[in-house]
Amino acid sequence: RERLREGREDHPELHEHRGQDGVAEGLTMSVLVFERKVSKGFYRSLAEKVCPRARIVSLSDFRNVASNWVGDYIYNSRYDRPNELCDRFSDEIIARCRFLRFLPRSKAELLSRRVWNGIEELFDAEEFDAVFQGMVDNYTLDIVERIANSRGVPVVSFCGHFFPGYFRITT
């Protein structure tokens, strides 16, 4: 919305033809949809209904489910670079993820750093206006939500976390 307001001042010609929702025709939102095999299509459909002219970019932790695969970040050493924001939240990310908690600390930090840097690059390239995803139940979704929050991008989810500060212990 900020960009739309800014665009009105910078490019008044874009605002001459407005759609029924008051947004200039031709302007679209950029939306990230996190998809999984089990929910494939649900969050995309929701995004399409809420943001009918949105440009949708998908991300998944399963290969061949979305246009972007988290494994491309995990298995690429190019994403293994320091990241101050990731480092600040590292303890929380690891504590909340039952997978990362059981890895050696250095491996857990490496995985979360690579995923953070890759997703952050995706946010930089696409300039998302909204994120649609399921409940935060692993480090990838946690990172997506943290990056979105750090940029003021709203996250649409039925349940971000069960309770503030909550993490679950499973066997």
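# Exercises on a predicted protein chain

S60 sits in strand β2 (residues 55–60), and we will come back to this residue in Exercise 2. The structure is a predicted model, in which local features need pLDDT of at least 70, side-chain atom pairs count only at pLDDT 80 or more, and totals for chains, interfaces and linings use all residues. Residues are numbered from 1 along each chain as its sequence is written, and side-chain values use heavy atoms, with hydrogens and water left out.

## Exercise 1: The overall plan

Task: find how many helices and strands the protein chain has, and in what pattern they follow along the sequence.

Solution. 
- Step 1. Start with the terms: helices (H or I, at least four residues) and strands (E, at least two) are DSSP runs, numbered from the N terminus.
- Step 2. By that rule the protein chain holds seven helices and five strands.
- Step 3. Along the sequence they come in the pattern α-β-α-β-β-α-α-α-α-β-α-β.
- Step 4. Of the 171 residues in the protein chain, 42% are buried.
- Step 5. Finally, look at contacts, meaning heavy atoms within 4.5 Å. Among those between residues at least 6 apart in sequence, 65% join residues at least 24 apart.

## Exercise 2: A serine in a strand

Task: decide whether S60 is buried or exposed, and list what S60 is in contact with.

Solution. 
- Step 1. The relative accessible area of S60 is 0%, so S60 is buried.
- Step 2. Setting aside neighbours within four places in sequence, S60 is in contact with F34, E35, R36, V65, A66, N68, W69 and V70.
- Step 3. Look for a polar contact, which is a pair of N or O atoms within 3.5 Å; within protein, one must be able to donate a hydrogen and the other to accept it, and residues adjacent in sequence count only if both atoms are side-chain atoms. The side chain of S60 reaches the backbone oxygen of E35 at 2.6 Å.

## Exercise 3: Helix α7 from end to end

Task: describe the span of α7, its burial and what is found at its start and just after it.

Solution. 
- Step 1. The expected span of a helix is 1.5 Å times one less than its number of residues. For the 12 residues of α7 this gives 16 Å, and the end C-alpha atoms are 16 Å apart, which agrees.
- Step 2. Because 10 of the 12 residues of α7 are buried, the helix is largely enclosed by the rest of the structure. Among the buried residues are Y139, L141, I143 and I147.
- Step 3. At the start of α7, a side-chain oxygen of N138 comes to within 2.9 Å of the backbone nitrogen of T140.
- Step 4. Just after α7, G152 has a positive phi of about 75°.

## Exercise 4: Where two helices meet

Task: work out how α4 and α7 pack and which residues meet.

Solution. 
- Step 1. Axes are lines fitted to C-alpha atoms, for helices over the stretch in contact, and angles run from 0 to 180 degrees between N-to-C directions. Helix α4 (residues 84–96) packs with helix α7 (residues 139–150) at an angle of about 140°, and their axes are 10 Å apart.
- Step 2. From α4 come L85, F89, E92, I93 and R96; they meet Y139, D142, I143, R146 and S150 of α7.
- Step 3. Sort the residues of this contact: five are nonpolar, one is polar and four are charged. Here Ala, Val, Leu, Ile, Met, Phe, Trp, Tyr, Cys and Pro count as nonpolar, Asp, Glu, Lys and Arg as charged, and the others, Gly among them, as polar.
- Step 4. Take R146 of α7 as an example. R146 is buried, with a relative accessible area of 11%. Not counting residues up to four places away in sequence, R146 touches F89, E92, I93, R96 and W116.

Key:
Buried means under 20% relative accessible area, exposed over 50%, partly exposed in between (1.4 Å probe, protein chains only).
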